[in-house]
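I opened this model to look up its charged pairs, its ring pairs and one patch of charge. My notes follow in the order I took them.

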Amino acid sequence: LLTLAGSGIGIWSLAKVTGATHEAIQQNGVSERLVVDAYRLQAINAERYKAMALSSEPEVGEILAADIQATEKQYSALMQQVDQRLKSEPDRALLAQIETAGTSFKAAVKELIAARDSGLTERIRNVYSQRFQPGSAALLAAVSRLAQAQRDAMDAADARIDGLSASARLALVAEGLLAVMV
């Protein structure tokens with residue numbers, strides 16, 4: 001009976017640890033990876049928009065436009081996956097911040113492109129420094145906060161897994177000592 005109890009404790013403990021590990025990897029790990037990839041794509045496009053706007057050659061904009069569009073599509077697909085995965089209230093709030101910052105960033109991009117098309121260097125520089133740069137930085141900061149939240153959730157899951165493992169070890173040691181005493 002004691003051996004059976006020890007086996008039961010071991011199986012139950014392994015199931016708990018496996019479940020917590022699976023949750024940490026499948027939920028937080030995958031979500032964090034998606035958000036980091038989205039951040040990288042957004043940072044790349046911010047640099048492309050900068051090059052397009054600040055270049056005196058119109059061909060630069062034509063060359064970069066297709067890359068920007070493809071990257072925006074990838075970014076949107078990643079953020080859609082993230083949106084489907086994250087259900088907690090804090091994560092939803094961070095996603096709302098990203099959406100708000102994204103709307104502001106898109107407006108700044110439109111202004112930057114209009115300024116570039118006007119050909120007025122001073123206007124381009126003003127829109128770039130006063131609207132585009134702050135909009136880009138705000139969007140990247142919002143995405144970064146979501147990535148950090150996922151990292152924090154992984155750290156919390158890791159601590160939970162450690163706690164489950166320690167409890168399981170303690171239960172197995174106690175069961176083993178009881179078996180020796182009996």
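I began with Arg151, which is partly exposed because its relative accessible area is 30%. I used these classes: buried is under 20% relative accessible area, exposed is over 50%, and partly exposed lies in between, with a 1.4 Å probe and protein chains only. The model is predicted, so I kept to its limits: local features need pLDDT of at least 70, side-chain atom pairs count only at pLDDT 80 or more, and totals for chains, interfaces and linings use all residues. Residues are numbered from 1 along each chain as its sequence is written, and side-chain values use heavy atoms, without hydrogens and water.

Next I looked up the partner of Arg151. The side chain of Arg151 meets that of Glu32 in a salt bridge, at 3.1 Å from N to O. Glu32 is in helix H1 and Arg151 in helix H4, so this pair ties together parts 119 residues apart in sequence. Glu32 counts as buried, at 14% relative accessibility. For a salt bridge I took a side-chain nitrogen of Lys or Arg within 4 Å of a carboxyl oxygen of Asp or Glu. Helices are DSSP runs (H or I, at least four residues), numbered from the N terminus.

I found 5 salt bridges in the structure. One of them joins Arg160 and Glu23, at 3.8 Å from N to O. Arg160 lies in helix H4 and Glu23 in helix H1, so the pair ties together parts 137 residues apart in sequence. Arg160 is partly exposed at 43%, and Glu23 is partly exposed at 46%. I also noted Asp83 with Arg92, whose closest N and O atoms are 2.7 Å apart.

I then turned to the rings. I counted 4 aromatic pairs, taking rings of Phe, Tyr and Trp (its six-membered ring) with centres within 6.5 Å; planes under 30 degrees apart are stacked, over 60 edge-to-face, and the rest tilted. Tyr49 and Phe132 are edge-to-face, at 6.2 Å centre to centre and 65° between the planes. Tyr49 is in helix H1 (residues 2-54) and Phe132 in helix H4, so the pair ties together parts 83 residues apart in sequence. Both Tyr49 and Phe132 are buried. Ring pairs link Tyr49, Phe105, Tyr128 and Phe132 into a cluster.

Key: Helix = DSSP H or I, 4+ residues; strand = E, 2+ residues; numbered from the N terminus.
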